[in-house]
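Here is a short tour of a model, from its surface to its helix packing. Have the sequence and the 3D view at hand as you read.

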Amino acid sequence: MEIVYAVVVGAGAALVLRYLLPGRDTYGVVLLPAIGAAVTAAVWAGMSWLGFGFEGNWGWLWLASVGGAIVLALAVGLIVGTRRMHSDAHRLHVLSGGKA
């Protein structure tokens with residue numbers, strides 16, 4: 001049941017990142033929250049399978065899963081935003097025949 005809470009926190013943290021990063025108009029609204037939720041779920045499930053349970057190292061599950069979601073969502077937001085802006089500018093230049 002705790003994985004559900006972690007996934008919601010990971011998606012929420014990634015949603016906050018979406019509004020803090022530049023270039024957010026170049027990708028969809030749910031891209032970063034979906035990445036945050038998927039990474040959180042995968043890391044939580046993997047660490048649970050490896051034996052990180054609730055007996056004392058419970059904090060590592062939260063730190064690794066939500067932290068991993070934040071790091072990956074940040075990287076994807078920065079990379080996609082930057083590459084999309086450059087790609088759009090290049091495409092406009094090509095389609096306008098070098099006039100724009």
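Which residues make a nonpolar surface patch of about 660 Å²? The patch is made by Trp-49, Leu-50, Phe-52, Trp-60 and Leu-63.

## Ground rules

This is a predicted model, where local features need pLDDT of at least 70, side-chain atom pairs count only at pLDDT 80 or more, and totals for chains, interfaces and linings use all residues. Residues are numbered from 1 along each chain as its sequence is written, and side-chain values use heavy atoms, with hydrogens and water left out.

## The nonpolar patch and its surroundings

A word on how patches are built: they take residues with over 30% relative accessible area and no salt bridge, joining like charges within 9 Å and nonpolar side chains (Val, Leu, Ile, Met, Phe, Trp, Tyr) within 5 Å. The areas come from the Shrake-Rupley method with a 1.4 Å probe, and for residues only the protein chains shown count as cover.

Trp-49, one of the patch residues, sits in helix 2, residues 31-49. Helices here are DSSP runs (H or I, at least four residues; strands are E, at least two), numbered from the N terminus. Trp-49 counts as exposed because its relative accessibility is 73%; the cut-offs are under 20% for buried, over 50% for exposed and in between for partly exposed (1.4 Å probe, protein chains only).

Met-47 is also placed in helix 2, but it counts as buried, at 13% relative accessibility. Setting aside neighbours within four places in sequence, Met-47 is in contact with Phe-52, Trp-60, Leu-61 and Ala-64, contact meaning heavy atoms within 4.5 Å. Two of those names, Phe-52 and Trp-60, also turn up in the patch. Met-47 and Ala-64 are 17 residues apart along the chain, with their C-alpha atoms separated by 8.7 Å.

## Helix 1 against helix 2

How do the axes of helix 1 and helix 2 cross, and at what angle? They come within 7 Å and cross at roughly 145°, with helix 1 covering residues 2-20. The contact draws on residues of helix 1 including Ile-3, Ala-6, Gly-10 and Ala-14, and on residues of helix 2 including Leu-32, Gly-36, Thr-40 and Trp-44. As for the axes, they are lines fitted to C-alpha atoms, for helices over the stretch in contact, and angles run from 0 to 180 degrees between N-to-C directions.

Leu-32 of helix 2 is buried, with a relative accessible area of 0%. Not counting residues up to four places away in sequence, Leu-32 touches Ala-14, Leu-17, Arg-18, Leu-21, Tyr-27, Ala-73, Val-76 and Gly-77. From Leu-32 to Gly-10 is 22 residues in sequence and 9.9 Å in space, C-alpha to C-alpha.

Gly-12 belongs to helix 1 and is partly exposed, at 30% relative accessible area.

## A loop residue and a salt bridge

Thr-26 lies in the loop between helix 1 and helix 2 and is buried, with a relative accessible area of 11%. Beyond its neighbours within four places in sequence, Thr-26 is in contact with Val-80, Gly-81, Arg-84 and Met-85.

Side chains of opposite charge can pair when their charged atoms come close. The structure holds one salt bridge, defined as a side-chain nitrogen of Lys or Arg within 4 Å of a carboxyl oxygen of Asp or Glu. Asp-88 forms it with Arg-84, the closest N and O atoms being 3.2 Å apart. Both lie in helix 3 (residues 58-95), four residues apart, about one turn of the helix. Asp-88 is partly exposed at 35% relative accessible area, and Arg-84 is partly exposed at 40%.
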